[in-house]
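Take a walk through this structure, one region at a time. Keep the sequence beside you as you read.

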Amino acid sequence: MSEVNAEQVARAAVALAGSELPDVVDRLAAFSDPTRLGLLIAIHAAPGAPVKTLAAATGLTPNTVSQALVALRDAGLVTNERDGRLSRWYVSDAAAHALLHH
């Protein structure tokens, strides 16, 4: 591939990804934060765990877990389902799920 062609291909790829970059950055940021990564690992291992269980498993306070879960939900990585008074948490992003297997 010539240098000019490589530049055109690279520019096209960046332009195509441009609108999705903020979402990708948010998702990758979750994996770079030790607290959020630990929670993702815990949720992946024990899907449906409530905040209290996740706090005990990670050694974090329930308040810290709740704040981190909101950030993970906002990034599109986890979702929660209400079960009476509890919120049960699940990994909702297929790519994140696949990464957590590694």
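Ser87 is buried, because its relative accessible area is 13%, under the 20% cut-off. The model is a predicted one. Ser87 sits in strand E2, which covers residues 86-91. What does the side chain of Ser87 meet in polar contacts? One partner is the side chain of Asn80, at 3.0 Å. Another is the side chain of Arg82, at 3.1 Å. Leaving aside neighbours within four places in sequence, Ser87 is in contact with Ala49, Pro50, Val51, Asn80, Glu81 and Arg82. So Ser87 is a buried residue with polar contacts to the side chains of Asn80 and Arg82.

Pro50, one of the contacts of Ser87, also gives a sense of distance. Leu21 and Pro50 are 29 residues apart in sequence, and their C-alpha atoms are 31 Å apart in space. Leu21 lies in helix H2. Leu21 counts as partly exposed, because its relative accessibility is 39%.

Now follow the chain beyond strand E2. Asp93 is placed in the loop between E2 and helix H6. Is Asp93 buried or exposed? Asp93 is buried, because its relative accessible area is 13%. The side chain of Asp93 has a polar atom 2.8 Å from the backbone nitrogen of Ala96. Not counting residues up to four places away in sequence, Asp93 touches Arg27, Gly76 and Leu77.

Side chains of opposite charge can pair when their charged atoms come close. The two partners do not fall in one burial class, because Arg27 is partly exposed at 28% relative accessible area, whereas Asp93 is buried at 13%.

Asp74 gives another distance to Arg27. Asp74 and Arg27 are 47 residues apart in sequence, with 9.4 Å between their C-alpha atoms. Asp74 is in helix H5. Asp74 counts as exposed, because its relative accessibility is 60%.

How many salt bridges are there? The count is four. Another joins Arg11 to Glu7, with the closest N and O atoms 3.0 Å apart. Arg11 and Glu7 are separated by about one helical turn, because they lie four residues apart in helix H1 (residues 3-17). Arg11 is exposed, because its relative accessibility is 57%. Glu7 is partly exposed, because its value is 44%. Asp33 and Arg36 form a further salt bridge, with the closest N and O atoms 3.4 Å apart. Asp33 counts as partly exposed, because its relative accessibility is 23%. Arg36 counts as partly exposed too, because its relative accessibility is 22%.

Two packed helices are described by the angle between their axes and the distance between the axes. H3 and H5 pack at about 85 degrees, with their axes 10 Å apart. H3 is therefore roughly perpendicular to H5.

End at the largest nonpolar core. In soluble globular proteins, nonpolar side chains tend to be buried together. This core has 19 residues, and Leu54, Leu69, Leu72 and Leu77 touch the most other members. Which elements give two or more residues to this core? They are helix H3 (34-45), helix H4 (51-58), helix H5 (62-74) and helix H6 (94-100).

Take Leu54 as an example. Leaving aside its neighbours within four places in sequence, Leu54 is in contact with Leu39, Ala42, Ile43, Ala49, Val65, Leu69 and Trp89. Several of these names have come up before.

Terms used
Residues are numbered from 1 along each chain as its sequence is written. This is a predicted model: local features need pLDDT of at least 70, side-chain atom pairs count only at pLDDT 80 or more; totals for chains, interfaces and linings use all residues. Side-chain values use heavy atoms; hydrogens and water are left out. A nonpolar core is a set of buried Ala, Val, Leu, Ile, Met, Phe, Trp, Tyr and Cys residues joined through side-chain atoms within 4.5 Å. Buried means under 20% relative accessible area, exposed over 50%, partly exposed in between (1.4 Å probe, protein chains only). Contact means heavy atoms within 4.5 Å. A polar contact is a pair of N or O atoms within 3.5 Å; within protein, one must be able to donate a hydrogen and the other to accept it, and residues adjacent in sequence count only if both atoms are side-chain atoms. A salt bridge is a side-chain nitrogen of Lys or Arg within 4 Å of a carboxyl oxygen of Asp or Glu. Axes are lines fitted to C-alpha atoms, for helices over the stretch in contact, and angles run from 0 to 180 degrees between N-to-C directions. Angles under 35 degrees count as roughly parallel, over 145 as roughly antiparallel, 65 to 115 as roughly perpendicular and the rest as oblique.
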